[in-house]
Amino acid sequence: MNILLLGYGKMGKAIEPIAVERGHQITARIDAHNRADLTTIDAASVDVVIEFSSPESAVENIKTCLERGWPVVCGTTGWLSHRTEIEQLCQEKQGAFFYASNYSIGVNLFFRLNKALAKFMRNYPSYHASMTEIHHTEKKDAPSGTAITLAEGLLENLPNLNGWVEKPADKQALITSTDAIEIESLREGTVPGTHIIRFDSDVDRIEIAHVAHSRQGFALGAVVAAEWLQGRVGVFSMDDLLDA
Ligand SMILES: NC(=O)C1=CN([C@@H]2O[C@H](COP(=O)(O)OP(=O)(O)OC[C@H]3O[C@@H](n4cnc5c(N)ncnc54)[C@H](OP(=O)(O)O)[C@@H]3O)[C@@H](O)[C@H]2O)C=CC1
Ligand SMILES: O=C(O)C1=N[C@H](C(=O)O)C[C@H](O)C1
């Protein structure tokens, strides 16, 4: 495949060697400085775009690619208030759009474990769910896209909860609102991505965690999604890929 890397920061640079190793070519590397090239590159020279840019630029980037007829694998987080708009454009253009808040297989297994645990905890209302996510200090959005997906998985399965809230930075202890999941976002060093789900009662705690050791898992997942998307039309997620 000929891949256009849209966003050539930490993720774009992690994706490139994996894509090449798997036999693909990088047609172009686009960042904020040469973004104008997106409209001039020969459309036929691109089989798929892998988009990891920034919350502020993702929507325009995706729209430009769909307008140009390019399938898009998007990993950028923090833009989902525009999701419906993008999905409608994809449908209108008969295009292909793949989105995941997290492309690593491990996190996608963890999403399923999280839902299963939530279902199990439904009958134990004395336990209250909360979450901590830890990322590197360059991360622009909070909570992480992955944390929001995890919160949605809990909310689907715990009817006594009515939403999620961000834990204020100056608050000491997590918990104890009974009807919302509190999400704590910590920014430390170069941490690639850690997510911890807790169920606390007055007497104990049940905890599950996913810890990424590097960006390799995210990058490999994005390339596999790009391969899978070839020849498909529609809007897709990791569940479509994993269950195919
Ligand atoms: N779904 C997943 O599995 C994962 C998602 N992410 C998400 O991916 C995104 C990118 O992460 P990361 O690579 O760490 O971020 P970086 O900040 O390291 O890189 C962002 C890149 O996007 C470029 N960029 C900024 N604005 C534009 C624009 N208008 N058009 C084109 N490119 C632009 C930057 O260019 P310049 O350097 O010139 O400013 C830079 O090359 C984040 O939203 C992050 O949360 C990250 C890891 C995994
Ligand atoms: O910005 C990051 O680095 C990451 N972002 C994604 C998110 O917001 O969930 C995925 C991963 O945790 C790394």
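Modeller: Gln94 sits in the loop between α3 and β5 (96-99); helices here are DSSP runs of H or I with at least four residues, strands are runs of E with at least two, and both are numbered from the N terminus. Its phi is near 55 degrees, a positive value in a residue other than glycine. Most residues other than glycine have a negative phi, and most peptide bonds are trans. Bear in mind that this is a predicted model, where local features need pLDDT of at least 70, side-chain atom pairs count only at pLDDT 80 or more, and totals for chains, interfaces and linings use all residues. As for labels, residues are numbered from 1 along each chain as its sequence is written, while chains are lettered from A and ligands numbered from 1 in the order in which they are written.

α3 (residues 83-92) packs with α2 (residues 58-67) at about 5 degrees, their axes 10 Å apart (axes are lines fitted to C-alpha atoms, for helices over the stretch in contact, and angles run from 0 to 180 degrees between N-to-C directions). So α2 is roughly parallel to α3; angles under 35 degrees get that label, over 145 is roughly antiparallel, 65 to 115 roughly perpendicular, and the rest oblique. On the α3 side you have Ile86, Leu89 and Cys90, and they meet Val59, Ile62, Lys63 and Leu66 of α2 (contact means C-beta atoms, placed from the backbone, within 7 Å). That contact has six nonpolar residues, no polar ones and one charged, where Ala, Val, Leu, Ile, Met, Phe, Trp, Tyr, Cys and Pro count as nonpolar, Asp, Glu, Lys and Arg as charged, and the others, Gly among them, as polar.

Another helix pair is α1 (residues 10-21) with α6 (residues 216-229), packed at about 60 degrees with axes 9 Å apart. That angle makes α1 oblique to α6. Their crossing is right-handed, so the near helix is turned clockwise from the far one by less than a right angle, anticlockwise being left-handed. Met11, Ala14, Ile15, Ile18 and Ala19 of α1 face Gln216, Phe218, Ala219, Leu220, Ala222 and Val223 of α6, a set with 10 nonpolar residues, one polar and no charged.

α1 also leads us to ligand 1, giving three residues to its shell, the largest share. There are 28 residues around this ligand, and Gly9, Met11, Asp31, Ser57 and Gly75 come nearest (a residue is near a molecule if its C-beta atom, placed from the backbone, lies within 6 Å of it). By class, the shell splits into 10 nonpolar, 14 polar and four charged.

Zooming out, the protein is divided into domain 1 (2-103 + 216-243) and domain 2 (105-211), bounds that come from an automatic or database domain assignment. Their C-alpha centres are 28 Å apart.

Ligand 2 draws on both domains, with at least three shell residues from each. Around it are Thr77, Ser101, Asn102, His135, Lys139, Ser144, Gly145, Thr146 and Gly193: no nonpolar residues, eight polar and one charged.

A cis peptide bond, with omega about -10 degrees, joins Ala142 and Pro143, and Pro143 is placed in the loop between β6 (128-135) and α5.

Finally, α5 (residues 145-157) packs with α4 (residues 105-121) at about 30 degrees, axes 8 Å apart, which means that α4 is roughly parallel to α5. This crossing is right-handed. Val107, Phe111, Asn114, Lys115, Ala118 and Lys119 contribute from α4, and Thr146, Thr149, Leu150, Gly153, Leu154, Glu156 and Asn157 from α5. By class, that contact has five nonpolar, five polar and three charged residues.

Notes:
Contact = placed C-beta atoms within 7 Å.
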